[in-house]
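Good morning, and thank you for coming.

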Amino acid sequence: MKPILFNTEMTRLILDGKKTVTRRVIKNIPEDVYRIETDGLIWYAHWGGGGDGYLFEYCKGIKPPCYPDDILYVREAWAHLSDWIDTDPELGILDRYIYKADWFGVEHPRWRPSIHMPKEAARIFLRVTEVSVERLRDISRADVFREGSGCGMRLGPEDSATCGNGGLCDCEDYQTEFSELWDSTIKPKDRDIYGWDANPWVWVIAFERCEKPEVEA
């Protein structure tokens with residue numbers, strides 16, 4: 001069982017059943033890559049030689065972050081109850097985990113970053129259904145909504161009869177909200193490499209909620 005990190009907004013979308021796919025940047029690959037296969041095989045192309053030049057290619061492998069049927073546990077912003085209030089085991093108040101995604105109050109405890117969430121605190125488990133590779137800006141209209149983005153997510157049942165694409169918004173700029181969301185997750189210093197305009201290669205990981213495995217393989 002492997003961990004996967006989500007910010008609070010994305011965790012809430014998963015809990016609401018609105019997010020069933022995520023994209024993760026494939027880092028540290030050369031610019032001359034022209035194809036990456038699902039199994040992690042990278043193809044490179046180079047021009048060289050005399051005259052008009054000639055094209056030759058070679059490949060190397062990288063490891064996908066996960067495979068179909070893998071179980072992932074979500075790391076999210078969290079805290080101990082004792083980070084917020086005093087607990088007294090003698091009074092029957094036991095320390096426990098609480099999660100920022102559940103919290104909508106004005107006051108809040110000292111949230112701890114998702115990267116530091118212990119495995120035992122995990123409450124959301126995902127079964128990987130598909131792993132593929134594409135350039136970021138090749139995202140389809142359907143996948144924008146599967147990412148939990150796009151104005152179609154805001155449509156109510158009464159709108160489905162008048163909106164195209166099976167009830168999803170058919171506007172031309174369906175990628176705009178997702179592109180802004182994507183860039184908000186990339187550090188400013190990395191946007192030239194991994195931002196929307198840079199169009200990086202990404203792993204596309206589709207998933208579904210599942211129960212916590214009783215016994216780890």
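Predicted model: local features only at pLDDT ≥ 70, side-chain atom pairs only at ≥ 80, totals over all residues.

Residues are numbered from 1 along each chain as its sequence is written, and side-chain values use heavy atoms, with hydrogens and water left out.

First, the fold. The protein chain contains four helices and 10 strands; these are DSSP runs numbered from the N terminus, helices being H or I of at least four residues and strands E of at least two. Their order along the sequence is β-α-β-β-β-β-β-β-β-β-α-α-α-β. Of the 217 residues, 38% count as buried, where buried means under 20% relative accessible area, exposed means over 50%, and partly exposed lies in between. Taking contacts between residues at least 6 apart in sequence, 67% join residues at least 24 apart; a contact means heavy atoms within 4.5 Å.

Next, the pockets. A pocket is an open set of points on a 1 Å grid over the protein atoms alone, where a 1.4 Å probe fits, with protein on both sides within 12 Å along at least five of seven lines; lining residues have an atom within 4 Å of a point. The largest pocket holds about 610 Å³ of space. It is lined by 20 residues, of which R23, R24, W182, T185 and I186 are the closest to its centre. Strand β2 gives the largest share of this lining, four residues. By class, the lining has 10 nonpolar, three polar and seven charged residues. Here Ala, Val, Leu, Ile, Met, Phe, Trp, Tyr, Cys and Pro count as nonpolar, Asp, Glu, Lys and Arg as charged, and the others, Gly among them, as polar.

W182 brings us to the aromatic residues. F178 and W182 both lie in helix α3, four residues apart, about one turn of the helix. F178 is buried at 2% relative accessibility, and W182 is buried at 8%. F178 also forms an edge-to-face pair with W196, at 6.1 Å centre to centre and 80 degrees between the planes. Rings of Phe, Tyr and Trp (its six-membered ring) pair if their centres lie within 6.5 Å, and planes under 30 degrees apart count as stacked, over 60 as edge-to-face and the rest as tilted. Because F178 lies in helix α3 and W196 in the loop between α4 and β10, the pair ties together parts 18 residues apart in sequence. Ring pairs link F178, W182 and W196 into a cluster.

Finally, two loop residues. W103, in the loop between β8 and β9, is partly exposed at 22% relative accessibility. Leaving aside residues up to four places away in sequence, W103 touches R12, W84, H108, P109 and W111.

How values were computed:
Buried < 20%, exposed > 50% of the residue type's maximum accessible area, 1.4 Å probe, protein only. Points joined across faces, edges and corners; volume = space filled by probe spheres on them.
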